[in-house]
Each structure stands twice: as C-alpha cells, then as structure tokens.
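Please read them with the structure open.

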Amino acid sequence: SREVQLAARPQGAPKDSDFSMVERELGQPGAGEVLVRNLYLSVDPYMRGRMNDVKSYTPPFALNQTMTGGAVGEVIASGADGLSVGDLVLHDQGWRTHALLPAQAARKVEVHSGLSPRMYLGILGMPGLTAYAGLLEVASFKPGDVVFVSGAAGAVGSAVGQIARLKGAREVIGSAGSAAKVAHLTNVLGFDAAFNYKDSSVAKQLRQTAPDGIDVYFDNVGGDHLEAALFAFNPFGRAALCGAISQYNAAQPPSGPRNLALAIGKQLTLRGFIVSSYSHLFPQFTKDVSGWLLSGELHHDETVVEGIENTPEAFMGMLDGQNTGKMVIKL
Ligand code: NDP
C-alpha cells in the first residue's frame, strides 16, 4: 500500500513538508478481515484539527503514522462472512491505496444506478448528513425561514442551501470566496442571493442581501461571519454552529464575535453540534437525499484530484477554497 503519513504538525497553514509518502506490505486478510483497494478518498476540514496535538472530540493524528479518513473501496480479498470480493465498502482507512481492516469497520454500500460511489463521501455521507441534521434538527428549520449559510459552495454548505430551498425556505442566502462560486450558487444551486465574503465587510454585504433579516444561520466559518449573522438575526433566530474554518489555521484564539450579547435581546438559540450524534437520522436522510438526487432536484458538485501522491495537495487546496462541492481523491 502507498500511504500518506503526518511528518510534522503544521504551524498555521499545512505545507508539503508536513506530509510524507511511505510504502507498506499488508499481507492477506485473517479471519474476520478484508483487504480493500481504495477507489476514492475524502479530505475534510476536521482533519486540520486532528493534526494539532490538542484535546478535542477526536484524538490527534500520531506523527509518522498513516493518516485516516473516509474512503470508498472494493474488497479484493476477504476472510469475513458477509463481505465478498467485488463488494464496495465505506470505511475510515483513507490516505492510502489499500487497507487491511476488520470487516466490522467496513460498511457495504449498494450503489443505486444514477448515483456514484463517491457520493458516499459527500452528499450521501458524512457531509450530507451534517447539512441535513444541522439544518433540520439543530437549527429547527421551518418553512418560511430566511436562511443564511456560509461556506455555501462547499460540501456541507451547498447541501444546506439546497435542502433549505427544497423544504420551503422563504429565501436562501449564501457566502463564498470567489465570484465564480457566487455565480454558481445563484445560477446552478438555486440560491436566491449570494455574495463573496472577500469583496467587503460580511456584515455590510449580509445587510444588503437580507434587508429584512435572517431566521436561520448555518455557520461553517465562524469569526466575522458569525458576527454578521448576530447583527442580521430576527428575534428568535437560530444558528447551527457547525464549523469555524476561518480559524482552523490560526495560531492565536479568535477575538470575536464581539456582539454576542445581541443573543440576549433577540432571544437567539446558538447551538453547536457534531454529526456523529445524529446517526439516528441516517435512514430518513438517505431516503430524502437519494430521492432528490435521482429526481434531479438536488445538484451534487465534486472537485476530483487524481493520485494518492496528490492527497496532501488536495487537502491543502480544500482548506484554501480550491474546491467547489466535495473534494475527493480518485485513485
Ligand atoms: P468545504 O467543502 O466547505 O471546504 C472548505 C471550504 O472552506 C473551502 O472550499 C473554502 O471555500 C472555505 N474557507 C476556507 N477558509 C475560509 C475562510 N477563512 N473564511 C471563509 N471560508 C473559508 O468543507 P466541508 O463542507 O467538508 O466542511 C464545511 C464546514 O463544516 C467546516 O467548517 C467543517 O469543519 C464543518 N463540518 C462540521 C461537522 C460537524 O459535525 N460539526 C461535520 C462536517 C463538517 P471559499 O472558497 O468559499 O473560501
């Protein structure tokens, strides 16, 4: 197997020298194990947090060990009942070309015609469930809400905006980091309005695009975006605090939002969440989202980078906004 290891803990933005490539012999699967040839790997923002040596809801990645992460692969040898050669599986041994793992750690996926195996890393997988659970449960979305989502052209954000539209939002507003992404949001994904947060103050742009205020904010970014949402909230507004990607490479803790006290007078609900606490929604999520994908009501974007050796570059590119939709690596 060709594998990517963490060679150094990144200081600020990760760089090439923080990663190294190694080769390992894996051998044949023992009883209860499968050998998988990975077809697609996922790179996700949470991985940046696990590169730091700090306590979090997931333990840090170990130095000079192969990274882990979502992957979809094909079973090429099996010592386990229930999984046979040729089966497609979803598992957590990414950042490598091959994985030897207990069959229990692999979930068989049946790919409906019209859907692709890669979708299990994106819209039909962890990021999709994050969008679905975060909007519908955490933010208690209801039809008629005005919804603002940051990171709107990414894997989670693009699903949030579209699900809000499909569920009857009065208006869906998104922010993203380039003019092309902003055009994509309104022209292809059906957002009512969008802006480029790099153009000028987020608070000012949000006030212009949502003059009557917002009811739901789905926060992927934190910092100035959260501050802007607090200003724009209508009474009893609700925020799902999903991520704070503007801070993941920061060496110092952030100073904002400086206007948090607005949450009192506006009687806001600001609620953080982790997707793994919402696995009970998985059956309904799968039914709804695959239905929308097959009917063409839900658009799924991916940015595909080829080759195991380009996995670190894909990861760094994703943190830097080079992806539209889900960033995946094709092996
Ligand atoms: P994306 O596909 O959205 O990729 C990351 C995007 O972040 C980039 O494309 C870039 O887009 C944007 N970005 C990078 N730096 C900044 C910045 N300084 N300010 C604003 N935007 C920035 O990733 P995901 O959809 O996988 O994840 C989105 C968020 O959801 C992340 O915060 C992640 O941590 C969180 N998350 C949380 C989960 C949970 O359980 N709570 C589960 C899964 C994800 P642009 O070009 O627009 O800048």
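1. **A buried serine.** Ser78 counts as buried because 21 C-beta neighbours lie inside 10 Å. The cut-offs: a residue is buried if 20 or more other C-beta atoms lie within 10 Å of its own, exposed if 12 or fewer, and partly exposed in between, with C-beta atoms placed from the backbone. Ser78 sits in strand 4 (residues 71-78). Helices (H or I, at least four residues) and strands (E, at least two) are DSSP runs, numbered from the N terminus. Leaving aside neighbours within four places in sequence, Ser78 is in contact with Pro29, Val34, Leu83, Ser84 and Val85. Contact means that the C-beta atoms of two residues, placed from the backbone, lie within 7 Å. Glu227 is 149 residues from Ser78 in sequence and 52 Å from Ser78 in space, C-alpha to C-alpha.

2. **Ground rules.** This is a predicted model, in which local features need pLDDT of at least 70 and side-chain atom pairs count only at pLDDT 80 or more, while totals for chains, interfaces and linings use all residues. Residues are numbered from 1 along each chain as its sequence is written.

3. **Domains.** The domain assignment gives domain 1 (2-122 + 300-330) and domain 2 (126-276). Such bounds come from an automatic or database domain assignment. The C-alpha centres of domain 1 and domain 2 are 28 Å apart. Their contact takes 16 residues from domain 1 and 17 residues from domain 2. On the side of domain 1 that touches domain 2, 4 residues are nonpolar, 9 polar and 3 charged. Here Ala, Val, Leu, Ile, Met, Phe, Trp, Tyr, Cys and Pro count as nonpolar, Asp, Glu, Lys and Arg as charged, and the others, Gly among them, as polar.

4. **The record.** UniProt, in an unreviewed entry, lists residues 12-329 as "domain: Enoyl reductase (ER)". UniProt positions are given in the numbering used here, feature names are shortened, and annotations may be inferred rather than shown by experiment. Over residues 12-329 the chain is 26% helix and 24% strand. The end C-alpha atoms of that stretch are 23 Å apart.

5. **The ligand.** Which residues are the closest to the ligand? They are Gly154, Val156, Gly177, Gly243 and Gly321, out of 29 residues that surround the ligand. A residue is near a molecule if its C-beta atom, placed from the backbone, lies within 6 Å of it. Helix 2 (126-138), helix 3 (155-166) and helix 9 (311-319) each give two or more residues to the shell. Helix 3 gives the most, with 3 residues. By class, the shell has 16 nonpolar, 11 polar and 2 charged residues. Domain 1 and domain 2 both give residues to this shell, so the ligand lies between them.

6. **The core.** The largest nonpolar core has 89 residues. Such a core is a set of buried Ala, Val, Leu, Ile, Met, Phe, Trp, Tyr and Cys residues joined through C-beta atoms within 7 Å. Leu135, Val147, Phe148, Ile214, Phe218 and Ala229 touch the most other members. Helix 2 supplies the largest share of this core, 7 residues. The core draws at least three residues from each of domain 1 and domain 2. Not counting residues up to four places away in sequence, Leu135 touches Phe141, Val160, Ile163, Ala164, Phe218 and Ala240.

7. **Val149.** This residue is in strand 8. Val149 counts as buried because 39 C-beta neighbours lie inside 10 Å. Beyond four places in sequence, Val149 touches Gly157, Val160, Gly161, Gly174 and Phe218.

8. **Positive phi.** Most residues other than glycine have a negative phi. Trp95 has a phi near 60°, a positive value in a residue other than glycine. Trp95 lies in the loop between strand 5 (88-91) and strand 6 (98-102). With 28 other C-beta atoms within 10 Å, Trp95 is buried. Ser140 also has a positive phi, about 45°, and is not a glycine. The loop between helix 2 and strand 8 (146-149) holds Ser140. With 15 C-beta neighbours inside 10 Å, Ser140 counts as partly exposed.
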